[in-house]
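Here is a short report on how the strands of this structure pair. Take a look at the model before reading on.

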Amino acid sequence: MSNTDLIIEERSRDIGDFLVGRLIPFRKKRMVGPFIFIDHMGPEKLGPEKYMDVDQHPHIGLATLTYLLEGEIMHEDSIGTAQRIRPGSVNLMVAGKGVTHTERTPDDLRGGHEYTMHGYQIWIALPKNLENMEPEFYHISKDELPSWEEDGAAFTLVAGEGFGRQSPVPSYSDLFMVSVRAEEDFSLDVAGNLKGEIGICIVEGGVDACGQQVEAGNMLVSKLEGQCALKVRKGSHLLLFGGEPFEEERHIYWNFVSSQKETIEKAKENWREKRFPKVEGDETYVPLPK
Ligand code: MN
């Protein structure tokens with residue numbers, strides 16, 4: 001359940017106009033637009049013995065976007081935020097120059113019953129000129145996100161810009177994240193509706209991409225503009241994400257992202273030496289991995 005040890009390098013395969021794999025980064029494609037890492041949490045039963053407790057750990061150079069399908073998380077951070085998140089809403093923590101946070105099962109859900117935890121935490125790299133910004137935090141509730149129905153599918157614009165709409169979730173470069181639930185079999189055509197590179201997470205169901213079936217648990221990354229249309233099976237749930245790629249490469253180590261290697265080294269040292277800001281009233285500490 002931690003978002004700190006899940007960087008999986010795996011072989012992606014080529015099908016038609018797409019690369020297919022389970023999570024980014026893929027070996028052949030490390031980022032999709034500004035999106036650098038996707039952590040799929042669960043679905044997993046929690047309680048009564050085991051709850052979610054991600055202790056104090058730091059981030060730099062990115063924004064974490066948390067989007068839950070089931071369950072709840074209490075987020076606390078070093079800028080004084082304490083924010084519970086429920087399914088369909090968004091927590092956006094902009095790490096900038098450095099932030100520390102914890103993610104835990106809310107106290108009132110620790111009463112001994114079971115609940116299912118299922119969601120995504122997505123890391124979005126900041127543009128180079130904002131990598132060192134002061135940290136920020138935003139909570140945007142489900143009913144503030146643009147939602148609409150079209151061609152037998154229900155759409156929600158979780159973040160960024162797309163389909164002629166704008167999400168109230170702050171973004172720092174051109175990007176999009178869209179939830180699509182297929183109520184009927186339908187053909188998804190993103191041309192003209194979304195800009196830049198695109199990744200497609202198949203949360204539930206499956207799609208036919210260029211004549212090949214791809215099932216839930218996989219992710220598709222488009223290699224080019226004007227790719228073949230996706231035939232989405234009734235009952236499927238997809239998350240589309242992507243946007244304009246950055247010019248410079250990003251380095252990633254543990255929870256740190258930067259265009260500069262030295263900035264990562266400095267952050268490692270600062271965390272080791274306990275020079276990061278702290279979550280008030282929390283004495284936990286996740287050590288830097290060896
Ligand atoms: Mn984190």
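S16 and strand S21 (residues 230–232) run antiparallel and are joined by three bridges. Strands are DSSP runs of E, at least two residues long, numbered from the N terminus. Two strands count as paired if DSSP finds at least two bridges between them. Leu 188 has Leu 230 in S21 as its bridge partner.

This is a predicted model: local features need pLDDT of at least 70, side-chain atom pairs count only at pLDDT 80 or more, and totals for chains, interfaces and linings use all residues. Residues are numbered from 1 along each chain as its sequence is written, and side-chain values use heavy atoms, without hydrogens and water.

S16 and S21 belong to an open sheet of four strands, ordered S16-S21-S18-S19 with antiparallel pairing. Strand S16 (186–188) and strand S19 (212–215) are its edge strands, and each pairs on one side only. The twist averages 30° from one strand to the next. Such angles run from 0 to 180 degrees between N-to-C directions of axes, which are lines fitted to C-alpha atoms.

Another open sheet has five strands in the order S3-S10-S5-S8-S11, also paired antiparallel. Strand S3 (35–46) and strand S11 (136–140) each have a single partner strand, so one side of each lacks a neighbour in the sheet. Neighbouring strands here are turned by 15° against each other on average, direction ignored.

| Pair | Bridges | Opposite residues |
|---|---|---|
| S5 (residues 62–70) and S8 (residues 90–94) | five bridges | Leu 65 and Leu 92 |
| S6 (residues 73–77) and S7 (residues 82–85) | four bridges | Met 74 and Arg 84 |

S6 and S7 form a hairpin with four residues between the strands. There, Gly 80 takes a positive phi near 95°.
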